[in-house]
Amino acid sequence: MSRYQEIKEKLLSTPRTWLVTGGAGFIGSNLVKSLLQLGQYVRVLDDLSTGYWENVAQVIKETGHQKTENLTFRNGDIYSLETCSSLCEGVDYVLHQAAQVSVPLSMEDPLLNNRTNVDGFLNMLAAARNSGVKTFVFASSCAVYGNDPELPKTEDMKGFPVSPYGLTKLMAEQYAALYHSIYGSRPIGLRYFNVFGPRQDPGGAYAAVIPRWISMLLSGRSPVIYGDGEQTRDFCHIDNVVQANILAACTVNEEAFGQVFNVGCGRSTSLNELFGLILDSMRRTGLDVNGPRPIHEAPREGDIIHSKADITKARTFLGYEPQVSVSQGLERSIRWYLDNLK
Ligand code: NAD
């Protein structure tokens, strides 16, 4: 039996209390859904700035009423220490996802970015410590590596972020490591690579590439590629990210605390290849997509050129093993967007 399966069975027999910040967002709502399916008690803290109540409502619907009696939702801001503290009270595990998530917006408004990703982060870290939370798992990002050309990315590389977003994620990691060494807190940082899947927002100026392209193709429009399309990403389906969070929260490996782990698939795909994979997946779901070709525009400031995770550390310390490939994940996502982009 895999470590993940073992942990899920243990959780099913002994439910715990979890706080998911950013639980109305893309990654957070998928975490909430999996936890509810495992019979856990889940609190959500979200200010609905980029997340949606509809995401939570959909999770409630998909999970079934009985299990969602275990869910409580608070519309609040992690910038308030009081809010963070009251929600951490009596919690076993925190999965901290709330953040200012847009690289371009962080370039436009570094102060807002800092307020959420450093001040808000520190509030959550402090509140979790004061409440005696067992493990504080938090979302970091491959943006901490910046444009260092060395590939694949390993966690011991020195990061040179090229955006305020990347810098604040690195600062959060350093605060977490410091809390571990001076207070004995048990934080674990997960450096997500390019996550995709159901409930990822295809709208807005800062939407991620996969939902944006799928939604454009479904409505017969041509997607935009910034640059020549040869830039690469390690795309990772949300189910792999959920796995990493649950493994990290429940780890009994003392050496994992105070550390950061790459969470990707260990494979890189160029944007040009991605475009082809999306078209293939659409055809497999029975859609007729022969028309639109991508439009190329100038590269965007702050965007990373190449990215690929070395996931050995997460495998070794946490037992992480990605189970959903990019193609499988694209097909699942397309089916979801077909049902939900009405
Ligand atoms: P998202 O925008 O869907 O989710 C973020 C959630 O946080 C939203 O629901 C938003 O309303 C909430 N939020 C923002 N500021 C808040 C505040 N001050 N107080 C309370 N709630 C607040 O984005 P996501 O893609 O689900 O990202 C989740 C986490 O994963 C973020 O920390 C992000 O930086 C990180 N991450 C995501 C990716 C990716 O590919 N999606 C990659 C690397 C890292």
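## Basis of the values

Because the model is predicted, local features need pLDDT of at least 70 and side-chain atom pairs count only at pLDDT 80 or more, while totals for chains, interfaces and linings use all residues. Residues are numbered from 1 along each chain as its sequence is written, and side-chain values use heavy atoms, with hydrogens and water left out.

## The ligand and its shell

The ligand has 28 residues around it, and Asp46, Thr50, Asp77, Gln97 and Tyr165 come nearest; a residue is near if one of its heavy atoms lies within 4 Å of the molecule. By type, the shell holds 13 nonpolar, eleven polar and four charged residues. In this scheme Ala, Val, Leu, Ile, Met, Phe, Trp, Tyr, Cys and Pro count as nonpolar, Asp, Glu, Lys and Arg as charged, and the others, Gly among them, as polar. At least two shell residues come from each of α2 (26-37), β5 (135-141), α8 (164-183) and β7 (194-196), and β5 gives the most, with three residues. Helices (H or I, at least four residues) and strands (E, at least two) are DSSP runs, numbered from the N terminus.

An N or O atom in the side chain of Asp46 is 2.5 Å from an oxygen atom of the ligand, and a polar side-chain atom of Asp77 lies 2.7 Å from a ligand nitrogen atom. Asp47 takes part through its backbone, with an N or O atom 3.2 Å from a nitrogen atom of the ligand. The protein covers 91% of the 820 Å² of accessible area that the ligand has on its own; accessible areas come from the Shrake-Rupley method with a 1.4 Å probe, and for residues only the protein chains shown count as cover.

## Aromatic pairs and charges over rings

A pair of aromatic rings is described by the distance of the centres and the angle of the planes. The whole structure contains ten aromatic pairs, where rings of Phe, Tyr and Trp (its six-membered ring) pair if their centres lie within 6.5 Å, and planes under 30 degrees apart count as stacked, over 60 as edge-to-face and the rest as tilted. For Trp213 and Phe275 the ring centres are 5.9 Å apart and the planes stand at 75 degrees, so this pair is edge-to-face. The pair links distant parts of the chain, since Trp213 is in helix α9 (residues 209-218) and Phe275 in helix α11 (residues 271-284), 62 residues apart. Trp213 is buried at a relative accessible area of 0%, and Phe275 is buried at 3% relative accessibility. Buried means under 20% relative accessible area, exposed over 50% and partly exposed in between (1.4 Å probe, protein chains only). Elsewhere, ring pairs join Phe121, Phe136 and Phe138 into a cluster.

Two lysines place their charged ends over rings: Lys8 over Tyr4, 4.3 Å from the ring centre, and Lys313 over Phe317, 5.9 Å from the ring centre. The criterion is that NZ of Lys or CZ of Arg is within 6 Å of the ring centre and within 35 degrees of the ring normal.

Gln97, one of the residues that come nearest to the ligand, lies in the loop between β4 and α6 (103-108). Gln97 is buried at 11% relative accessibility, and its side chain makes a polar contact of 3.5 Å with that of Asn245. A polar contact is a pair of N or O atoms within 3.5 Å; within protein, one must be able to donate a hydrogen and the other to accept it, and residues adjacent in sequence count only if both atoms are side-chain atoms.

Asp92 sits in the loop between α5 (81-88) and β4 (93-96). Asp92 is buried at 16% relative accessibility, and a polar contact of 2.5 Å joins its side chain to that of Lys134. Thr116, in helix α7 (residues 110-130), is buried with a relative accessible area of 16%.

## Backbone exceptions

The peptide bond between Leu151 and Pro152 is cis, with omega about -10 degrees; Pro152 is in the loop between β5 and α8.

Leu48 is not a glycine, yet has a positive phi of about 60 degrees. Leu48 is in the loop between β2 (41-46) and α3 (53-63) and is partly exposed at 28% relative accessibility. Arg199, also not a glycine, has a positive phi of about 70 degrees. Arg199 lies in the loop between β7 and α9 and is buried at 4% relative accessibility.
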